[in-house]
Each structure stands twice: as C-alpha cells, then as structure tokens.
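Subject: A structure for you to explore

Hi there,

Here is the structure I promised to pass on. Have a look around first, and then read my notes below.

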Amino acid sequence: MGRRTIGAPKAMREIGPLEIESVDLEAQGVAHFEGKVVFVAGALAGERVDVEVTRERPSYIKSRAIRWHRRSSDRVEPPCAHYGVCGGCSMQHAGSDAQVAIKQRVLEDALWHIGQLRPQEVFAPIRGPSFAYRSRARLSVRWVDKKGGLILGFRERASSYVTPLRHCPVLQSKASLLLPALRDCMALLDGARAIPQVELAAGDGDSAMVWVLRHLEPLSEVDRQRLANFADAYGVCIWLQPGGPATAAPMRPQDNQPLSYELSDFGLRMPFSPVDFTQVNFQINRVLVRRAVGLLEIEAGDRVIDFFCGLGNFSLAIAQRAREVLGIEGSAPLVEQAMRNAREMSLNERVSYKTENLFEMDAARLAGLGIFQRALLDPPREGAQALCEALASQSQGGQGPIRMVMVSCNPATLARDAAILVHQGRWQLSAAGIVNMFPQTAHVESIAVFDRLLV
C-alpha cells in the first residue's frame, strides 16, 4: 500500500481558453467546456480567458480567471486591495454601468426562466453612489496566532477564513477609516478570543455610529474601560451583545445615542435601534420609498396594507397619502418600534401595526384583514410564497387590492412569487426594474408592480 502524503499542496488544473458567454446571479462568468458548465470568478461576458479549476463536479466546474486573451471594455481596475480575496464585493472588476446592466439582465432572466414572465414595462435602474454608501455591516473577528493575533474583516470568498481589513471602500467613510483603530483596540482586550463578530450600525447625517460587539464571555472592567476610551476618542458608541440580538444593549448610558435616517420627501426622520433591520444604503432607500409610494397611485380614500412592514419604512410615508394604513410584520420588536415611530410623527391615527407570521398566511386569514385597495410587499430573501398564494386565490374571486408594489432582495423568489400571482391568480406583471442598493456586490434588489385584472 502506498504512503499517503499529508499536507502536500495539490496542483490546480488549468483549462482554456474559454469564451465567457454571460454573467450569472453570483457575478461569475459562464462558459462551457467538454459538456460542462464552467463558472468563472472574475470574468465578464465577451472575454476569452484561461482558468484555474477550484472545484469540479459531473455537471459543472467552478474556477477563477488567471489569464486573459481578450478583455471586456467594461473591465476596470478594482479600487480595493482586498478584492478577489474578501467575499464582500464580487463585482469591482466591472464598471458601474456594466454592474447595473448585469443585474438588470439577471432580473429579467429570473422572471423568464423561473416565472415564464416578462414585465410590460422595464423601469430605468435606481442607482446612486458606488462607494462609501454602506451604513450597516457585520464583520467577523478571529484570533489567529500564526497571523499575528486578532483579525477583523469580512469572510473570504467561498471560505470560513477572514480577510484582515485595514479599510473598506463600500462602508461609510468614517467607519472605514476607523477599522485599524478598532482592530488595535480589540486586540488589546483580555477577552478578545471570545469575540466572534462586531456589527456596524450608523445613521445618516449627524446621527450616531454604533459598534455592537458580540462576546461569548463576560468582559472585564479593564476591557470595558479600554472600549470606553476608544469610543470617547473617536466619537462612537459601543454596545455589547452577550447572546441573541435581544440582548444587545449600550455599554454605558452615554452610548445610548439615537440612530436615525431621513425620508426627506415625506418630512420623516426614522429612529432605529442598532439591531433593527434597516436598508444599508440610505440614499437609495430614499429614492426607493419615493418610487414605491408613487407607483402605488394612492387615492385619498384608500386603505393600504404594508406586508413585512419592518419599522415603518414604507408605511409611514404611505400614511401621508392614504386614508388608513395597516402594517404587518413578524418581528414583535420591529412592530413596537414602528408604533413608537408613528406616535412620534403624529401618524398613529392613520396607521396601525400588528404582529403576524406572514409565512403562514392563507386565504381565510387574508380575508380577515378586511378590504384594502393597495398593497406593498417587502419580504426577506425567502420571498412571500404563502402570502402570494393567498392573494392569488383572493383575486380569482374578484377580490383583493387593485394594485401591488413588491420590493424584493432575491430575483429567484420574486420570479417564483410573481408566477404564483400571474399564473394562479388574476394579476399581471405591469412593470419591474432593479434597485442598485448594493453596488460592487452581486446582490440584486428590485421593484415590481402588479395590477389585478378586473375582467
């Protein structure tokens, strides 16, 4: 029996040249080789490349581009030194126009191939700044003796390893500049090895910036003082999270400064907690809310339902135009925050909220919500299958809202849910388009409009 060599590096297979035919949902180039689909990280449509195989299966190959015989005119030099290793951004090698075009094509392909649907109108993309836009981020923390101690950063692409970040061009500029000082502070903590992650939550304008440290063991008073010194030196707040999100709390009374973002078109400033869900890109969110409310075409006497309402991002804006708004959300803490926001903005007489599991919605429970003329849906990545099945059933009886706007963060589940509404119900997909909420990443946010067929 031959001896097995332990730890010897395995030579990676190279193939090529390959013609890149398209770009997929994960921003990988797509080619074919010997009857297999080849996914190529770092390649763009129209390019001719040699690749290094990273994984091979009977029907497909995963690879990365290593040599170019022809480059796309859409290719740009990635501005971040961590590109290609960090898993945070996968599209920095494509110009901003190319990124938007790729995402629009991904949306249209998903609607057709999954839902057999084409929108009657394709919206112009909603877009904004390409960098320094991100107000929220969850960074991993690892202590690795062989790499000099504490590592702070995003996970590497397709790996559990962590990329040591000294800057991040998609984070708000102040947050990016603070990364080295934050890493150095955390490295001095006696409890550093028991901190698996730190989460950024920043407001816009003059609102506060909070760093939430998840810690598996109690922090000593000395460590708390070190964190307090960091917070005071850089004008930020520190929250500690010993367990789940509900356990997060300010480390000191002075760390409980308000976070908020503005919806200037509606004269609203939205308070939120560091552990509440909010959109990460405030500028795009302002445009998205304005567009969604406009597309609902609300009339003064309308009753509107906001499904997956969160802390009231859409419903409080809708309440300024509709007779009555009902927001429904599965998270009780978010519903409580939405009600506080409504009271603070003197909208509580026109908007109400309730906690309900929308993933278990059926036709009977939907009918129990009463009559409403317009609806907004903003589901998580899992989509809103049960709700859309209930809406489709309702429409077959000539009931339900006459117009719905759906905001989606997953083209695949949007296409599935749209197919339910159109093919099982009496709805048409009137329009759809992308919202570039996450520039430099493969994440595709979109907005779609559905109209109920009345005859």
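Let me start with a question: which residues of α3 are buried? They are D223, L227, A228, F230 and A231. Please keep in mind as you read that this is a predicted model.

**Helix α3**

This helix runs over residues 221–234. From the first C-alpha to the last, its 14 residues reach 20 Å, close to the 20 Å expected at 1.5 Å a residue. D223, L227, A228, F230 and A231 are its buried residues. They cover an arc of only 160° around the axis, so they sit on the same side of α3. On the face turned away from that buried side you will find the exposed residues E221, D232 and A233. Among the elements that cover the buried residues of α3 are α2 (173–187), β11 (209–214) and β12 (237–241). Just after the helix, look for G235, which takes a positive phi of about 65°.

**Helix α6**

Just after α6 comes S346, with a positive phi of about 55°.

Two packed helices are described by the angle between their axes and the distance between the axes.

Take α1 (residues 96–115) and α9 (residues 411–424): their axes come within 8 Å and cross at roughly 45°. The residues in contact include V106, L107 and A110 of α1, and P411, A412 and L414 of α9. The crossing of α1 past α9 is right-handed.

Now turn to α8 (residues 385–396), where the axes of α8 and α9 come within 8 Å and cross at roughly 15°. Angles under 35 degrees count as roughly parallel, and so α8 is roughly parallel to α9. The crossing of α8 past α9 is right-handed. Here Q385, C388, E389, L391, A392 and Q396 in α8 meet R416, D417, I420, L421 and Q424 in α9.

Enjoy exploring!

Best wishes

Note on methods:
Residues numbered from 1 in each chain as written. Predicted model: local features only at pLDDT ≥ 70, side-chain atom pairs only at ≥ 80, totals over all residues. Heavy atoms only, no water. Helix = DSSP H or I, 4+ residues; strand = E, 2+ residues; numbered from the N terminus. Axes fitted to C-alpha atoms, helices over the stretch in contact; angles between N-to-C directions. Left-handed = near helix turned anticlockwise from the far one by under 90°. Contact = heavy atoms within 4.5 Å. Expected span 1.5 Å × (residues − 1). Buried < 20%, exposed > 50% of the residue type's maximum accessible area, 1.4 Å probe, protein only. Arc of directions from axis to C-beta. Parallel < 35°, antiparallel > 145°, perpendicular 65-115°, else oblique.
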